[in-house]
Amino acid sequence: MEREQYLAAINPRMPEKRYIHTIGVMETAIELATLYGEDEKKAEIAAILHDIAKYADIEWMEKIVRDEKLDARLIGWGSELLHGPVGAYIAESEFGITDEDMLNAIRFHTTGRVGMSRLEKIIFVADMIEPNRKFDGVDRLRKKAMKNLDKAMSACVRHTVAFLIDTKQPIYPLSIECYNDMMKRED
Ligand code: GDP
Ligand code: FE
Ligand code: FE
Ligand code: FE
């Protein structure tokens, strides 16, 4: 499938705003892939599909978690935590994506995880810094992303965890594990 076909497939599954965000993630992910020597096509397609499950029915997603034996801890966390893992399931089952690195980039784009690949970091960071994102500190993250992917990943996960603490939200185990992994690697 080509870019236009993927875009046509995801478009009806999300509101216009999310579609525009997805285009931004795609363009940013390709830019980062070029910069860091990653496969641009993999980055492009993983980016297009990353939020495909964002508006899927929660009951349906929880059924997928059970039926497909995904991480059982996901039950009860809601669509923000479900849409990555379920998105990877859709990418594989509906779109025939078999590349495990692409599937992991979709699966872990919200939380990160320990030992992320270059492609996983690219999608995680691109999701956070794409041109339509507006929050305090995003410009600093954008500059970092153009200089050092690991440092940008570290700063992005730190930002997410700090935001969750500030807003009194529970932190999913993978998010904490990813944060710890990044901080241990900081020099
Ligand atoms: P989006 O799908 O493009 O909006 O971005 P993400 O998939 O990265 O994140 C979706 C939402 O999940 C954001 O509002 C994050 O703040 C939130 N989120 C990320 N990690 C966690 C976590 O560990 N716990 C909770 N409760 N929310 C999280
Ligand atoms: Fe997402
Ligand atoms: Fe994200
Ligand atoms: Fe996103």
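1. A word on terms to begin: a residue counts as buried if 20 or more other C-beta atoms lie within 10 Å of its own, exposed if 12 or fewer, and partly exposed in between, with C-beta atoms placed from the backbone. This is a predicted model, in which local features need pLDDT of at least 70 and side-chain atom pairs count only at pLDDT 80 or more, while totals for chains, interfaces and linings use all residues. Residues are numbered from 1 along each chain as its sequence is written, and chains are lettered from A and ligands numbered from 1 in the order in which they are written.

2. Do look at Lys69, which has a positive phi of about 55° although it is not a glycine. Most residues other than glycine have a negative phi. Lys69 lies in the loop between helix H4 (58–67) and helix H5 (79–93); helices are DSSP runs of H or I, at least four residues, numbered from the N terminus. With 8 other C-beta atoms within 10 Å, Lys69 is exposed.

3. Lys168 is worth a visit too: its phi is positive, about 55°, and it is not a glycine. This lysine sits in the loop between H9 and helix H10 (173–185). Lys168 has 6 other C-beta atoms within 10 Å and is exposed.

4. Which residues of H4 are buried? They are Met61, Ile64 and Val65. Seen down the axis of H4, these fall within an arc of 100° (taken from the directions from the helix axis to the C-beta atoms), so they line one face of the helix. They pack against H5, with contact meaning C-beta atoms, placed from the backbone, within 7 Å. Turned away from that buried side are the exposed Glu59, Trp60, Lys63, Arg66 and Asp67.

5. Around ligand 1 there are 15 residues, of which Glu80, Thr110, Gln169, Tyr172 and Ser175 come nearest; a residue is near if its C-beta atom, placed from the backbone, lies within 6 Å. Helix H9 (residues 149–166) gives the most to this shell, with three residues. By class, the shell has five nonpolar, six polar and four charged residues. Here Ala, Val, Leu, Ile, Met, Phe, Trp, Tyr, Cys and Pro count as nonpolar, Asp, Glu, Lys and Arg as charged, and the others, Gly among them, as polar.

How values were computed
Helix = DSSP H or I, 4+ residues; strand = E, 2+ residues; numbered from the N terminus. Contact = placed C-beta atoms within 7 Å.
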